[in-house]
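Please examine the sequence and the structure shown below. The account that follows moves from the overall fold to the aromatic rings.

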Amino acid sequence: DKNINEHFGNIGVVVDIPIFDKKDFSQIKKAKLQYTQAKLESEKLQNELDSKAQTLQQTIPLLENSLKLYKKSIENKENLLKIAKISYQNDRLTTEEYLRYEDDVVSAKAKYFKAKTKLIQAKLELAVLYGDDIEEMIK
């Protein structure tokens with residue numbers, strides 16, 4: 001009775017399948033989580049940009065209307081200033097009262113230019129969001 005191993009050769013094949021390799025599995029899971037996180041961050045940023053663009057699109061017409069109103073206000077205050085100037089020259093107004101009319105005109109112009117600045121800024125921000133050429137807008 002000889003040993004069975006003496007008559008038969010040993011042949012073995014070792015197959016290493018990484019399916020159950022914990023290290024590789026955890027790296028795959030980590031990569032999927034990073035991808036999901038990056039995708040959510042991208043979607044969040046896109047939503048923020050869309051919201052900002054929508055707000056700017058709604059703000060621009062309001063600012064344009066404000067400019068028209070400020071322009072009309074300036075015209076009215078300049079007309080009042082002309083009347084006040086004549087009254088001042090005829091000694092019907094004090095210097096202080098006349099200067100209030102001057103101040104009203106300057107204040108109205110300041111409000112106009114402040115609104116105009118906001119309008120330009122809103123248009124430029126919108127152009128940046130849409131990737132428009134800002135240099136062309138400025139010209």
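The paragraphs below treat the fold, the surface and the aromatic pairs in turn.

This is a predicted model, in which local features need pLDDT of at least 70 and side-chain atom pairs count only at pLDDT 80 or more, while totals for chains, interfaces and linings use all residues. Residues are numbered from 1 along each chain as its sequence is written, and side-chain values use heavy atoms, with hydrogens and water left out.

The chain holds 4 helices and 0 strands, with helices (H or I, at least four residues) and strands (E, at least two) taken as DSSP runs numbered from the N terminus. Along the sequence the pattern reads α-α-α-α. Where a contact means heavy atoms within 4.5 Å, 67% of the contacts between residues at least 6 apart in sequence join residues at least 24 apart.

The accessible surface of the chain is about 12200 Å², and carbon and sulfur atoms contribute 55% of it; the areas come from the Shrake-Rupley method with a 1.4 Å probe, and for residues only the protein chains shown count as cover. Of the 139 residues, 14% count as buried, where buried means under 20% relative accessible area, exposed over 50%, and partly exposed in between (1.4 Å probe, protein chains only).

Rings of Phe, Tyr and Trp (its six-membered ring) pair if their centres lie within 6.5 Å, with planes under 30 degrees apart counted as stacked, over 60 as edge-to-face and the rest as tilted. The count comes to 2 aromatic pairs. Tyr 88 and Tyr 98 are stacked, at 5.2 Å centre to centre and 25° between the planes. This pair links helix α2 (residues 22–89), which holds Tyr 88, to helix α3 (residues 95–130), which holds Tyr 98. Tyr 98 is buried at 13% relative accessible area, whereas Tyr 88 is partly exposed at 31%. The rings of Tyr 112 and Phe 113 have centres 5.2 Å apart and planes at 80°, so this pair is edge-to-face. Tyr 112 is buried at 12% relative accessibility, and Phe 113 is partly exposed at 49%.
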